[in-house]
Each structure stands twice: as C-alpha cells, then as structure tokens.
Amino acid sequence: MKTRSAIHKKIVFPKTRGYICLTAHPEGCKHNVKSQINEVLRTKLTSKIKNVLVIGSSTGYGLSSAITSLFGYDANVLGICFEKPASRDRTATAGYYNIAALHKFAESAGKNIRTINGDAYSKEIKHKTIDTLRNHYGKLDLIIYSLAAPKRKDPFSDYIYTSVIKPIGMRHTTKTIDLSNSKVINKEVEPATIMEIHETVKVMGGSDWELWINTLLEEDLINSNCRTLAYSYIGSKATEKIYRSGTIGAAKEELEKTAIYLNEKLQKQVNGNAWVCVNKALVTQASSAIPSIPLYLSLLFKILKIRDESCIEQILRLFNNHIATDKLPLLDNEKRIRLDDIELEPDVQQELLQRWGNVATENLHTLGDLDKFKNDFLKLFGFNISSIDYNKPVDINVDW
Ligand code: NAD
C-alpha cells in the first residue's frame, strides 16, 4: 500500500473507556486473523465466485467475509475500510492491524487482496474503487455491504448525518452493564426526535448501498449472476425497544426494503440478486456500544454454551449454504436470509427473557457469562490471547 514506516517498538496494553478500547495490539490482531484463516482452511470449498468487493472489510462480519472469500473460495478480494494507522505513540486501530495481517498472510499464500482505506460513503472512494476494479479485477461476482458507522457525510450536500441508538415514541429504561465496575444498572434512554430517526436511517439504512450498486451498474462492473448482501439484525424481545423498534431498527427496515428494490433491479439488468442476511448478535466494536447488548450477550453465551457460533462460523455457514452455491438461498417471508435461527429458537429466548427479568449484579455470574463478553471484547483489539507476551515491546508501525 505505501512505503514502510520507521520501526517504533512499544509495550501495548489495553486502554479502555467504557465500551471502547483506545489501543490495539498488532501481534494479537495478527493472531485473530490467522485463527479465522485456519478455521476457513479446515473445509475445502469451491464456487464460481471470482471477484469480491467487501465494503467494511477490516473488522467483524466484513473481515470474516473477506477471509472466507479469499482463503475459502480463492476469490480476488477488494476491501474497503476506514481505519487509522499508528501515529507517534498511538497504536493503529485494530482494523488497520487486521488488514495488515490479512495482506501478509494472503501474500504468502499467493492470494489476491487489495484494500482501499477511506470513507466508503464518499464519491472519492467510490471513484477509487471503480479505477481499482477496472485496472486489477474486472466485473464483480459478489458485493458484501458490512458498514457500521456512527456518521455519514452526504456525498452531494456534505451535510454530516449522525446516527443515535434511541427508542422511538417513548422513553425506555433498559438493563445494561456498567463495564467499569461490572454492575447491572438501569439506563434510561430518551426517545429519538424525528430528525434523529431520519439521520440514523441516512447513516445505517440502505441509501449508500443503493448508491454503490447503482454506480457499479452504471460503470458496467457487475457480472451476470452477481449477488450482493447487506447484514442486518433483529434480536430478542429483551432488546427490542432499544434496537429493532428503535432508531437502528428503523434503519435496518429501510435497508431490508432497499434489498427488495435492488433485487428487482439486478434481476432485470444482470440476472443478479440482492438480499439482506440477518446475522446473530456477537461481540464487535459496533455491537458493544449498544446499551443492553453486552448484558444480552453475556446471558446468551451462558444459555447457548458451545452452540454459540463465532463470526467466522456464521459467515462460513452463509457462504457454504446460501451464497457460494448455484442454488437460490432459503428466504423468510420478508425475503431475508436468516442466520439468527439458533439465537431466536423459542426455548433459547424463553430462557433468556426469564434470566433478563431476574438478572442483577449479585447473580450476573450465575445467569450470564460476563467474563466471556469481556474476553471477546478485548480480543477484538488483540488482547487476552494466551500465546502473546504482552510485556514484550512490539512494532506499532505496521503497514500493508
Ligand atoms: P464492525 O464495527 O466490526 O465493522 C464495521 C466496518 O465498517 C469496519 O471494517 C470499518 O472500518 C468499516 N467502516 C465504518 N465506517 C466506514 C466508512 N465511513 N467508510 C469505510 N468503512 C467504514 O461492525 P459489525 O458488527 O461487523 O457490523 C457490520 C454489519 O453487520 C452492520 O450492518 C451490523 O448492523 C451488522 N450486524 C452486526 C451484528 C453484531 O452483533 N455485531 C449482528 C447482526 C448484523
């Protein structure tokens, strides 16, 4: 990507502030990427997918989609993300280290990946993507849209939309965890204003996905039979007021409507398809910031135990069963692919709602698995990995 930066070795520890971690460990992130690659390599897969674009490729579901395409299906991957390199004493973001590691592993295995680091909502990055596809890839067979962002600058007006996580219609009090002291607390959240709902839909709804697909169609960069997917979430009654019937849920509903519209358009123009895939809840940078989700996940882990799927397991199931086959995927009544079946099993949800009603600081460790939540959270940033010596200085200036 760029010239190699000067070596800057440093001991890196987690520096957390609530549900964010301000540091990331390059070796830990590399370990995480390698574990996902190993998981993918356990099964030999084939498909006709040759060129894949992953928008939001550096962490969470997008990273697993890039790894599965590259190492599972031997496809050429172009990724887009918005990550920060290291600067002076600050580490790079976890996503930056993930991509650096992914490029390194891909290079050693003779796989083809390029990454564009910049604002996917902007015209500039769309143009850069078109040039890169023209010069190095050709037409796309699969487009994964996996952005989770707090803000979006409108590419036409330059207005900056801000998303909020709020209930709609009335104030809501939800249980959640105060991570600074591991206490279960009640958090009151004010209802969103009309403007806040509108702005959240502009950030996390379907309009940017639609812009991407329209632009790629106009540029004749979409192959016949191409499939495009965006990820969504529904979740439980326990989180419904804050998530699915709240502002983010409104954005997801719009995203799901966009899928239906794009599906018709792609069918007509290239015999292609657009679907939303509803994934299970898991610990990612985006989900950890949603009030009630860390507590919900802690309870869910304890109920599901080994039945709980990781990010890469969900994406492998998606590709193997639904996307990388010639067959059409099984869809629900709203024309969505569903990977949240285990999470939403009636027995699981019944047990969860009972625990949700009873959970308090005193019984949190009996009813839920907060340690797993905290461990998964720190792992996102490359920490809490037993094989890594965190007292050893590491080069924080890692590029790709
Ligand atoms: P994440 O925070 O792990 O990843 C977000 C990705 O978006 C990163 O690669 C980041 O670099 C990129 N990004 C953010 N803003 C960008 C911008 N302006 N330009 C370019 N790239 C940008 O998020 P995630 O949890 O994997 O979520 C991805 C999608 O999956 C979202 O639509 C989310 O709603 C959905 N989803 C998540 C869960 C969950 O529990 N985490 C469950 C179901 C569905």
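How many aromatic pairs does the structure hold? The structure holds nine. This is a predicted model.

**Aromatic pair Y96 and W400**
- The ring centres of Y96 and W400 are 4.5 Å apart.
- Their planes meet at 50 degrees, so the pair is tilted. Stacked would need planes under 30 degrees apart, and edge-to-face over 60.
- Y96 lies in helix α3 (residues 94-108), while W400 lies in the segment after β15 (394-395).
- The pair therefore ties together parts that are 304 residues apart in sequence.
- Are Y96 and W400 buried or exposed? Both are buried.

**Aromatic pair Y145 and W209**
- The rings of Y145 and W209 have centres 6.3 Å apart.
- Their planes are at 25 degrees, so this pair is stacked.
- Y145 sits in strand β7 (residues 140-145), and W209 sits in helix α6 (residues 207-218).
- The pair links distant parts of the chain, 64 residues apart.
- Both Y145 and W209 are buried.

**Aromatic cluster**
- Three phenylalanines, F373, F377 and F381, form one aromatic cluster.

**Helix α5 against helix α7**
- Helix α5 covers residues 194-204, and helix α7 covers residues 247-270.
- They pack at an angle of about 50 degrees, with axes 8 Å apart.
- The two helices are therefore oblique to each other.
- The crossing of α5 past α7 is right-handed.
- On the α5 side, I197, T200, V201 and M204 make the contact.
- On the α7 side, the contact residues are T247, I248, A250, A251, K252, E254 and L255.
- By type, the residues of this contact are seven nonpolar, two polar and two charged.

**Residues with positive phi**
- Most residues other than glycine have a negative phi.
- K305 has a positive phi, near 45 degrees, and is not glycine.
- Where is K305 found? K305 is in the loop between α9 (293-304) and α10 (311-323).
- The relative accessibility of K305 is 61%, so K305 counts as exposed. The cut-off for exposed is over 50%.
- N384 is another non-glycine residue with a positive phi, near 65 degrees.
- N384 is placed in the loop between α13 (370-380) and β15.
- Why does N384 count as partly exposed? Its relative accessibility is 43%, and partly exposed lies between under 20% for buried and over 50% for exposed.

Terms used: Residues numbered from 1 in each chain as written. Predicted model: local features only at pLDDT ≥ 70, side-chain atom pairs only at ≥ 80, totals over all residues. Heavy atoms only, no water. Axes fitted to C-alpha atoms, helices over the stretch in contact; angles between N-to-C directions. Helix = DSSP H or I, 4+ residues; strand = E, 2+ residues; numbered from the N terminus. Parallel < 35°, antiparallel > 145°, perpendicular 65-115°, else oblique. Left-handed = near helix turned anticlockwise from the far one by under 90°. Contact = heavy atoms within 4.5 Å. Nonpolar A, V, L, I, M, F, W, Y, C, P; charged D, E, K, R; others polar. Phe/Tyr/Trp six-rings, centres within 6.5 Å; stacked < 30°, edge-to-face > 60°. Buried < 20%, exposed > 50% of the residue type's maximum accessible area, 1.4 Å probe, protein only.
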